[in-house]
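Have the viewer open as you read.

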Amino acid sequence: MSTVTQSTPLLTPPASNDPDIVLKPSRFALYYQLNRLHKFPAGSILVFWPCAWALTMAASRTNQSLPEYLWELALFALLSTLVHSAACVINDICDRDLDRQERTKNRPLASGAISLGGAVICLLFEIGICIGILAYTQDLFIFSVGLFGIFPLHGLYPLMKRLTYWPQAWLGLTMNWGYIVVWVLRVRDDDYNIPAVFFTGTICWTIVYDTIYGCQDKVDDVKAGIKSTSLLFGSYVRPILAVFAAGLIAAIAGAGYLNNQGFPYYVVSVGGTTLHLMWQLITLREDEPEDCWKKFQSNGTLGLITFTGMLIDYLKVVL
């Protein structure tokens, strides 16, 4: 995406009528793009939904009050955006040479619009906020669980595409770690069967949507030596992703059973998610980048569908 022609207009200087003058994005606009905020909520929403799912299932389990639940939901929406932004920055730092391929060549760091030092300072600032929030809990166990999500999970992800054809599996750990953080924060017992089952399903989900996302870059990735499940699965992308989609559905149903979820959960969260995944895979055109991006983005809607059944169940408990 061009950082000049497709930047948010309010973030750039006013247009000039002089054809010899080439306007550049403002510094704010460049860092806005570095953090992928110009594509919000894509990406950030996929970090948020596991947090929202865990919050809602935990709220049903503990009979959490509605005002407290809504406050925490809003808080994790902001934190999810911060974590995703930091992850994008560290990914761009590590991939600044690889990102010179066609689709990503205009990213601020790859194009040279932002210096490496500037990106590092931005990253350290964001990580500092995350660590500060974890420290505020004054709970060593929660702090340790949250810190594990920052490093090694987020920190090492950019290396995985160089080492294995399964970087999407590592990304699954990374993108959905919020489910684990929220569960240990909200549920003060030693029964971790529910988060273990659900978290396994979310890893399957990430493999589905990020394999679809990676299909946009298959040609460039081969040239650059980047590994991915998009390349590994080859012409069997859809049938293999169907297996992982089934893993997500099984996990949602299994965790719901363990958490004593009600009828709306199974109809909306399980049934609705199943239908959405079927639509994605049946209509997927994996050799068309535009369709891959459309399907990737649609997973934000999938998360909402899953969340809606949980929310109805929770509201039945507290209202």
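Is F233 buried or exposed? F233 counts as buried, because its relative accessibility is 5% (buried means under 20% relative accessible area, exposed over 50%, partly exposed in between, with a 1.4 Å probe and protein chains only). Bear in mind that this is a predicted model, where local features need pLDDT of at least 70, side-chain atom pairs count only at pLDDT 80 or more, and totals for chains, interfaces and linings use all residues. Residues are numbered from 1 along each chain as its sequence is written, and side-chain values use heavy atoms, with hydrogens and water left out.

Now zoom out. The protein has 13 helices and zero strands (DSSP runs, H or I of at least four residues for helices and E of at least two for strands, numbered from the N terminus). Of its 319 residues, 50% count as buried.

Next, the rings. The structure holds 19 aromatic pairs (rings of Phe, Tyr and Trp, its six-membered ring, with centres within 6.5 Å; planes under 30 degrees apart are stacked, over 60 edge-to-face, the rest tilted). W177 and F199 make an edge-to-face one, 5.6 Å centre to centre with 75° between the planes. W177 sits in helix α7 and F199 in helix α8, so this pair ties together parts 22 residues apart in sequence. W177 is buried at 16% relative accessibility, and F199 is buried at 9%.

Back to F233: its ring and that of F244 are stacked, because their centres are 6.3 Å apart and their planes at 20°. F233 belongs to helix α10 and F244 to helix α11, so that pair links parts 11 residues apart in sequence.
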